[in-house]
Amino acid sequence: MDAKRYAPATQRNREPILEVLQKYLSPQGNILEIASGTGEHAVFFASRFPDCQWYPSDRDAELRASIIDWSKECPADNLHSPLEIDASTDNWSIETADITINAIVNINMIHISPYSACEGLMAGAGRILPTDGILYLYGPYKREGKHTSSSNEAFDKSLRDQNSQWGVRQLEDVIAVAEANNLALKQVIAMPANNLSVVFSKK
Ligand SMILES: C[S@@+](CC[C@H](N)C(=O)[O-])C[C@H]1O[C@@H](n2cnc3c(N)ncnc32)[C@H](O)[C@@H]1O
């Protein structure tokens with residue numbers, strides 16, 4: 001049975017995200033994607049970074065199966081099998097491998113998970129990235145206590161209605177958690193549909 005899942009947003013946001021990744025990620029190295037979801041981003045980005053090794057991951061087994069089936073449909077030599085990683089834990093499976101992860105990519109996770117996932121992501125990035133390693137985040141944010149659009153405000157409410165621990169995060173809070181884990185803010189980039197790319201580098 002085909003385990004592929006579909007997330008239509010990936011088709012809309014992958015090109016603008018690629019443009020930012022090509023600017024901030026080195027064309028060579030090892031890239032860990034935390035919360036790869038369906039795997040549609042992983043197959044797309046792996047083929048656009050042919051000289052990098054792309055390591056997708058998700059904590060959800062059904063999504064890891066989807067990533068495997070997307071990888072079969074769109075094979076790439078540099079795309080690895082999905083790892084089981086729950087960002088909120090303090091010992092990610094990749095840490096036992098003898099690999100230097102040069103960049104971590106995390107798209108649309110921190111508002112659709114408890115805040116412990118954001119905190120764990122920052123702690124993990126602080127643990128595993130080398131100096132100048134990049135952490136890339138994409139998603140909607142509140143800025144200085146306010147939503148940046150009425151659509152983000154409505155989205156935030158719908159998230160909180162689904163799960164009281166979910167919700168659009170405050171950019172300044174996320175930057176503070178990053179700083180506490182030796183991750184310096186490098187750039188905030190406005191993206192289509194009121195999203196942001198937020199780029200950190202390891203001190
Ligand atoms: C909205 S989806 C985004 C998936 C994908 N990045 C995308 O843009 O299509 C949120 C993802 O976060 C994952 N997730 C939620 N909490 C997580 C955690 N603590 N650790 C790792 N992944 C998590 C879910 O399994 C899901 O794949």
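Author: What follows is a set of questions about labels and the values behind them. This is a predicted model, in which local features need pLDDT of at least 70 and side-chain atom pairs count only at pLDDT 80 or more, while totals for chains, interfaces and linings use all residues. Residues are numbered from 1 along each chain as its sequence is written, and side-chain values use heavy atoms, with hydrogens and water left out.

Reader: Why does F44 count as buried?

Author: Buried means under 20% relative accessible area, exposed over 50%, and partly exposed in between (1.4 Å probe, protein chains only). F44 has 4% relative accessibility, so F44 counts as buried. F45 has 0%, so F45 is buried as well.

Reader: What makes the pair of F44 and F45 edge-to-face?

Author: Rings of Phe, Tyr and Trp (its six-membered ring) pair if their centres lie within 6.5 Å; planes under 30 degrees apart count as stacked, over 60 as edge-to-face and the rest as tilted. The ring centres of F44 and F45 are 5.5 Å apart and the planes stand at 70°, so the pair is edge-to-face. The structure holds four aromatic pairs, and ring pairs link F44, F45, F49 and W54 into a cluster.

Reader: Which residues make the contact between α1 and α2?

Author: Contact means heavy atoms within 4.5 Å, and helices are DSSP runs (H or I, at least four residues), as strands are (E, at least two), numbered from the N terminus. On the α2 side the contact residues are E40, H41, F44, F45 and R48; those of α1 include I17, L18 and L21.

Reader: What is called a nonpolar core?

Author: The term means a set of buried Ala, Val, Leu, Ile, Met, Phe, Trp, Tyr and Cys residues joined through side-chain atoms within 4.5 Å. The largest one has 30 residues, and L137 is one of those that touch the most other members. Helix α4 (115-128) is among the elements that give two or more residues to this core, and α4 gives the most, with six. A second, separate core of 25 residues includes V43, F44, W54 and L79.

Reader: Is A193 buried or exposed?

Author: A193 has 61% relative accessibility, so A193 counts as exposed. A193 is found in the loop between β10 (183-191) and β11.

Reader: Why is N194 called partly exposed?

Author: The relative accessible area of N194 is 34%, so N194 falls in the partly exposed class. N194 is also in the loop between β10 and β11.
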